[in-house]
Structure formats: C-alpha cells, structure tokens
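Morning, everyone. I'll take the sheet, then the aromatic pairs, then the ligand. Let me put the model up.

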Amino acid sequence: MAEPVFKRLALLGIGLIGSSVARIAKAQGDIAAEIVVNARTQKTLDRVVELGFADRVEPDPAKAVEGADCVMLCAPVGAFAALAEAIGPHLAHGAVLTDVGSTKQSVIRDVGPFVPSGVHFVPAHPLAGTEHSGPDSGFTTLFQGRWTLLTPPPGTDEAAIEKVAELWRRCGSMVERMEPGHHDRVLAIVSHLPHFLAFTICGTADDLAEETRREVTNFAASGFRDFTRIAASDPVMWRDIFLNNREALLEMLARFMEDAQAMARAIRWGDAAYIEDKVERGRKIRRSLIELKQA
Ligand code: NAP
C-alpha cells in the first residue's frame, strides 16, 4: 500500500461528502493515517461513532484541527466563515486547509482572511453528489470517475496543491485546476440553475389546485419525477449555494429566461423547426454526456 498522503485528516462537517471521504480513507488507508471528525451536533457525532469510519470524534472544531496536517471543511458554505474564524488560530504550521464547498469565490472571501501564514489554503470542489444528506448517506464510490476542481489562489504552494490533488485521485476522482470566478459561472449553469428550476417547478406544482396537485403526484413519471429527485436536496445547503453564487446564478437565469421566451414565442407562432432544433440539441448534449461517462 502507498504511504498515506496525510498523517491526520480532520473533517469539519460529516454529511454526504465528508462521510464519503472518511469511508474511502478508512477503507483504503492510503489517504490519511488518522481521521478526526467534527460536526455541529452531538447526535451526528454519536452516529459517526456507530458507523465506525472515524478514529476520533471531536465536538469542538478548534480541538479537532489541532495537530492535523490536512483540514477539510465539509459543512454548508454559509458556515465556512464562522468555522474558519474558530479554527484559524489552532491550525498547525505547514498544514493544508481545503474544502468541498460548491461555490468557490465566496469560500475564498470567507475563509481566506482567517488562514494564518504558514498554512496552505487549497479550495476544492468534487463534482459528485446525490440528493441525500447526513453521515449515513456517504459511500466509497461517490467520486469514482467524477471531476474534482481545485481553485487555489495565485501563489499557493505547489506541493500543497499536489497533495490535495493526490487525495482526490485516490478517492477515484479526476482533477483539474480552475480560476474561482470561472468555476462559479460554470457551476451556475451545470448545477445551480438546474436546481433552481427543480425547486421552482416543484413549488409551482404544489401551488396548483388540490385536485390537479393530486394528479401531479399520481402521474409524475412523465418528467416531473426527475425534477423531484433534484428538488429533494438539503434546503440549508442550497440556500447557502444560491446566496453565495448570486451574481453568476442570476446571470445564467437571465440568459435562460431569454431562451425560454424565444421557445414560448416559437410555440405561440407554430415555429416547428425552431422547437425541433431545440429538442435535438438537448438530445445531443445527453448523448455526449453518455459518451464521456458523466451521465
Ligand atoms: P450534509 O450531508 O447536509 O452534511 C452537512 C454537515 O455539515 C453535517 O455534518 C452538519 O453537522 C455540518 N454542519 C451543518 N451546519 C453547520 C454549521 N453551521 N457549522 C458546522 N457544521 C455544520 O452536506 P453535504 O451534502 O455533505 O455537503 C457538504 C458540502 O459539500 C457543502 O458545502 C456543499 O456545498 C458541498 N457539496 C455538496 C454536494 C452534494 O451533492 N451534496 C456535492 C459537492 C459539494 P450536523 O449533522 O451535526 O448538523
């Protein structure tokens, strides 16, 4: 077995993403020699003890990071500023501080000011997930064949970046670097806008008259069902993503609304060729995802 990348990995937040990393680290032994877990509630920490993928649980984030050579923030992004402020003075000299947050400019804004000199901050985002949350929802194959994007600020220590990249490769991920602003725009269209649409369409269906609403749930298989899966995601996590990627999301939404208007106009005027062309483009995108094994 290869040497572990880190001696002690402290995970702050242990839901779907954190507990998947912990399960992989525990099963493989080549990511960290020791796994320390912190969460907000004692209930979650008790459950982590039962699940057995942590070497130690610690209710105080400041104590959890002491002596860790890698600290990974795995809580909702809205919690990062307070967490960073709490742990900043306790981070070990030379440690790597990373995260898995879905927005990257906000993470750099919120965490950056609390990173002491001598600690290497390497923001990251694994593009993998499900609609489930909590420590029971993680699994060891979550990141297999998926991308992880690293968005280190200019001047970040290359050796630290490489260690975080290696951690994700050992989790089964493919790794790429990206500028944080670009990351936020890309994610706005591939993830944040689709979730926005799913939450909105479920709200619209729920507002319908009682009788129609019953039919929506009874006959959901015709397309609505796929939106409900996305809309089942954690409300706090998505509230935080929308509020922390406001500009990029609103920009993509404005473009989407223009295109939706154009489609509505084509339907109104019976422009069959326009409609067919749009549906065909959708099919092409789906086919290319299947070819790239990202479907
Ligand atoms: P999750 O399953 O909802 O778990 C969140 C964890 O964070 C829990 O352990 C929770 O502790 C802890 N937490 C919540 N609020 C906190 C606070 N104010 N301070 C400290 N800890 C807090 O979340 P997740 O789906 O793993 O997502 C975690 C992060 O990964 C988020 O930043 C998200 O944007 C990002 N991400 C998610 C996905 C996805 O599809 N789910 C994909 C990629 C990246 P308690 O259980 O004790 O409350």
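Start with the sheet. It is open, has 6 strands in the order β3-β2-β1-β4-β5-β6, and the pairing is parallel. Strands here are DSSP E runs of at least two residues, helices are H or I runs of at least four, and both are numbered from the N terminus. Two strands pair if DSSP finds at least two bridges between them. At the edges sit β3 (56-57) and β6 (120-122), each pairing on one side only.

A word on the source. This is a predicted model, where local features need pLDDT of at least 70, side-chain atom pairs count only at pLDDT 80 or more, and totals for chains, interfaces and linings use all residues. Residues are numbered from 1 along each chain as its sequence is written, and side-chain values use heavy atoms, with hydrogens and water left out.

Now β1 and β4. Residues 6-12 and residues 70-73 pair in the parallel sense over 4 bridges. Leu 11 stands opposite Met 72 in β4.

Next, the helices. Helix α1 (residues 16-28) packs on the sheet and touches β1, β2 (32-38) and β4. Contact means heavy atoms within 4.5 Å. The direction of α1 makes about 155° with that of β1. Axes are lines fitted to C-alpha atoms, for helices over the stretch in contact, and angles run from 0 to 180 degrees between N-to-C directions. Helix α4 (residues 80-87) lies across β1, β4 and β5 (96-99), at about 155° to β4.

On to the aromatics. There are 5 aromatic pairs. Rings of Phe, Tyr and Trp (its six-membered ring) pair if their centres lie within 6.5 Å; planes under 30 degrees apart are stacked, over 60 edge-to-face, the rest tilted. Look at Phe 143 and Trp 168: edge-to-face, 5.0 Å centre to centre, 80° between the planes. Phe 143 is in the loop between β7 (124-126) and β8 (147-150), and Trp 168 is in helix α6 (residues 158-170), so the pair ties together parts 25 residues apart in sequence. Phe 143 is buried, at 0% relative accessible area. Trp 168 is buried too, at 0%. Buried means under 20%, exposed over 50%, partly exposed in between (1.4 Å probe, protein chains only). Separately, Phe 196, Phe 199, Trp 238 and Phe 242 form one aromatic cluster.

Last, the ligand. Which of the 26 residues around the ligand come nearest? Ile 14, Thr 41, Thr 44, Ala 75 and Ser 102. Being around it takes a heavy atom within 4 Å.
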